Amino acid sequence: MPHDPRPRFRLNPLLAALFAVVAVVALFLTGVAAQQLGSGEPVAAAEPTRTAPTTRAAQPGLGDKVRDGKFEFVVSRLDCSRTTVGPEHLTRTAEGRFCVISLSVRNISDGARYFLGQAQKAYDATGTAYGDDTVAGVYANRDTQTFLEKLDPGERVTGKLVFDVPRTVKLTILELHDSPLSGGVKVSLRSR
């Protein structure tokens, strides 16, 4: 029997596990997006804020309840001190630094819904947008069952969104959406 002289590629078991987690999350998010787009429900716009003609309403901030479509959100904390997230052998390292935003999400509709981290955006003072780091979010939420499950009507979950931003960037606004196509609602991340 001839010997095959080509070297065989062996995948590190930790990398294989990481690839499997990423694949499962990607498939899950694709299914959720397809479900929401195919549900026949109209895309909900953000609820307008009413202001008096002579005064400007303050933008909602940390601790305030805000709504977009079928979800009510409360952003409770912003922590931009981390450069890694995850357990010891499966850490994810930021290209800059991670800004971890703690929040709660409540389903205010009459049907079950999924919360999608990838639909959320964070902005710095110049208006530059940053997307949610899904893999880092899975690591940051590893001890809780939060955003990968359906939320029944009235159900509330808490969890973390993770954004990888350059070290010098300071996030100022979080834009929350009930789906990738909704109007969104903005929350100030600045201390009052």
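## The pairing of E4 and E7

Strand E4, which covers residues 121–124, is joined to E7 by four bridges, and the two strands run antiparallel; strands are DSSP runs of at least two residues, labelled E, whereas helices are DSSP runs of H or I with at least four residues, and both are numbered from the N terminus. Two strands are said to pair if DSSP finds at least two bridges between them. Within this pairing, Asp124 stands opposite Leu171 in E7. As a general rule, the strands of a sheet pair through backbone hydrogen bonds, either parallel or antiparallel.

The model is a predicted one, in which local features need pLDDT of at least 70 and side-chain atom pairs count only at pLDDT 80 or more, while totals for chains, interfaces and linings use all residues. Residues are numbered from 1 along each chain as its sequence is written, and side-chain values use heavy atoms, with hydrogens and water left out.

## The sheet around E4 and E7

E4 and E7 belong to an open sheet of four strands, whose order is E5-E4-E7-E8 and whose pairing is antiparallel. Strand E5 (129–131) and E8 stand at the edges with a single partner strand each, so one side of each is left without a neighbour in the sheet. Neighbouring strands of this sheet are turned by 30° against each other on average, direction ignored, where the axes are lines fitted to C-alpha atoms (for helices, over the stretch in contact) and angles run from 0 to 180 degrees between N-to-C directions.

The loop between E3 and E4 contains Ala119, which counts as buried because its relative accessibility is 10%; buried means under 20% relative accessible area, exposed means over 50%, and partly exposed lies in between, with a 1.4 Å probe and protein chains only. Leaving aside its neighbours within four places in sequence, Ala119 is in contact with His177, Ser179 and Pro180, contact meaning heavy atoms within 4.5 Å. Ala119 and Gly131 are 12 residues apart in sequence, and their C-alpha atoms are 8.1 Å apart in space.

E3 and E6 then pair over 10 bridges in the antiparallel sense, and Cys99 stands opposite Phe163 in E6.

## The disulfide

The structure holds one disulfide, a term for a pair of cysteine sulfur atoms within 2.5 Å, and this disulfide joins Cys80 to Cys99 with an S to S distance of 2.1 Å. Cys80 lies in strand E2 (residues 71–85) and Cys99 in strand E3 (residues 92–107), so the pair ties together parts that are 19 residues apart in sequence. The torsion about the S-S bond is about 115°, so the disulfide is right-handed. Cys99 has 0% relative accessibility and therefore counts as buried.

## The nonpolar cores

A nonpolar core is a set of buried Ala, Val, Leu, Ile, Met, Phe, Trp, Tyr and Cys residues joined through side-chain atoms within 4.5 Å. The largest one has 24 residues, and those with the most contacts inside it include Phe73, Val105, Phe163 and Leu174. The elements that give two or more residues to this core are E2, E3, strand E6 (156–165), strand E7 (171–176) and strand E8 (185–188). Apart from this core lies another, of nine residues, among them Val85, Ala136, Tyr139 and Ala140. In soluble globular proteins, nonpolar side chains tend to be buried together.

Leu174 is in contact, once its neighbours within four places in sequence are left aside, with residues including Val75, Ile101, Ala122, Phe163 and Val187.

## The chain as a whole

The secondary structure of the protein chain comes to two helices and eight strands, which run α-β-β-β-β-β-α-β-β-β from the N terminus on. Of its 192 residues, 39% count as buried.
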